[in-house]
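Please view the sequence and the model together before reading on.

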Amino acid sequence: MGGVWERSFRILRASWDVLRQDKELLVLPLLAMLCMVLAAIPLLGGVASIGHVTLNSTSASHGLNAVQWLLLAIYYVAVYAIGIFFSSAVVAAATIRLQGGDPTLSEAFGIAFSKIHKILGWAVVSATVGLVLRALEQKAGIFGRIAIFLVGVAWGVVTFFVVPVLLYEDFGVFGSVKRSGSLFKQRWGEQFVGNGSIGLALFLLMLLPIMAAVAIAATGATAIGIAVGAVGLLAVFSLGSVMSGIFNAALYRYATTGALSGPFRESDLSGAFRPRRMPRSGGRGLGGGFGGLKGPGGFSGGGF
């Protein structure tokens with residue numbers, strides 16, 4: 001287990017070394033969140049005003065009429081499209097840097113805009129899957145929810161490389177999903193599990209602002225504690241989103257070409273996943289290895 005944590009922090013440090021050269025990338029997750037909030041205000045407002053429901057309520061997926069479902073679907077597509085677009089910009093900028101270039105935000109946005117039709121198509125697919133899983137989860141019992149969770153994990157793994165594939169390979173949306181899954185199979189085998197990721201290190205970093213907020217609130221300064229915690233979590237989230245995108249770009253480059261990228265070690269890239277040893281009677285194919293997969297960095301087809 002110690003090796004997993006050590007690998008996670010090495011990956012985090014390597015991603016940070018790349019980010020230090022392009023600190024302007026930190027504005028991308030902030031812009032993404034701002035755009036998501038602006039998109040959510042009218043759409044969720046419409047859902048709530050029609051049926052007096054909110055997205056976060058436990059009954060949000062029960063009793064919705066056709067108009068509410070339409071507005072909710074539009075909201076999902078909008079949020080996914082925004083997240084995927086800004087994730088694409090991060091991956092584009094990181095790829096330029098890892099190939100020895102000096103990216104600018106305009107270059108990153110230009111690459112993302114050049115694939116906007118694919119990004120929108122992928123947003124529709126991602127939003128559809130998200131809505132279906134959400135609807136099933138609301139109706140499922142405890143075991144059903146566990147199964148749906150595992151399906152979601154499997155989907156996240158299969159689509160891990162969809163963004164860079166959309167940007168750099170000549171595939172449509174569904175072809176990109178297939179290509180993304182095949183990259184894992186080719187590089188790490190048919191069955192694999194996570195073996196240390198940037199997400200583990202980020203999880204520990206997220207504990208720092210939470211503990212600071214609790215300590216400050218314990219002195220009686222609750223409002224200050226909440227503010228410190230919120231700002232700290234936002235900072236970690238922004239850093240994590242960008243560094244996850246950088247690692248995604250490095251891992252995609254390694255998976256497709258075998259080339260090392262910047263400060264990333266071959267042992268960390270090749271060891272991001274490891275073969276999963278299963279009995280011959282176990283499941284075959286990509287689906288057989290998803291149960292234990294944590295994912296290398298939290299970056300998914302859904303964006304930030």
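Is E6 exposed, partly exposed or buried, and at what relative accessibility? E6 counts as partly exposed, at 49% relative accessibility; buried means under 20% relative accessible area, exposed over 50% and partly exposed in between (1.4 Å probe, protein chains only).

## Basis of the report

This is a predicted model, in which local features need pLDDT of at least 70 and side-chain atom pairs count only at pLDDT 80 or more, while totals for chains, interfaces and linings use all residues. Residues are numbered from 1 along each chain as its sequence is written, and side-chain values use heavy atoms, with hydrogens and water left out.

## Salt bridges

The structure holds five salt bridges (a side-chain nitrogen of Lys or Arg within 4 Å of a carboxyl oxygen of Asp or Glu). One of them joins E6 to R10, with the closest N and O atoms 3.2 Å apart. Both residues lie in helix α1 (residues 2–19), four residues apart, about one turn of the helix; helices are DSSP runs (H or I, at least four residues), numbered from the N terminus. R10 is buried, at 14% relative accessible area.

D22 and R97 also meet in a salt bridge, at 2.7 Å from N to O. This pair links distant parts of the chain, 75 residues apart, with R97 in helix α3. Both D22 and R97 are buried, and together with D102 they are linked in a network of salt bridges.

How values were computed. Helices (H or I, at least four residues) and strands (E, at least two) are DSSP runs, numbered from the N terminus.
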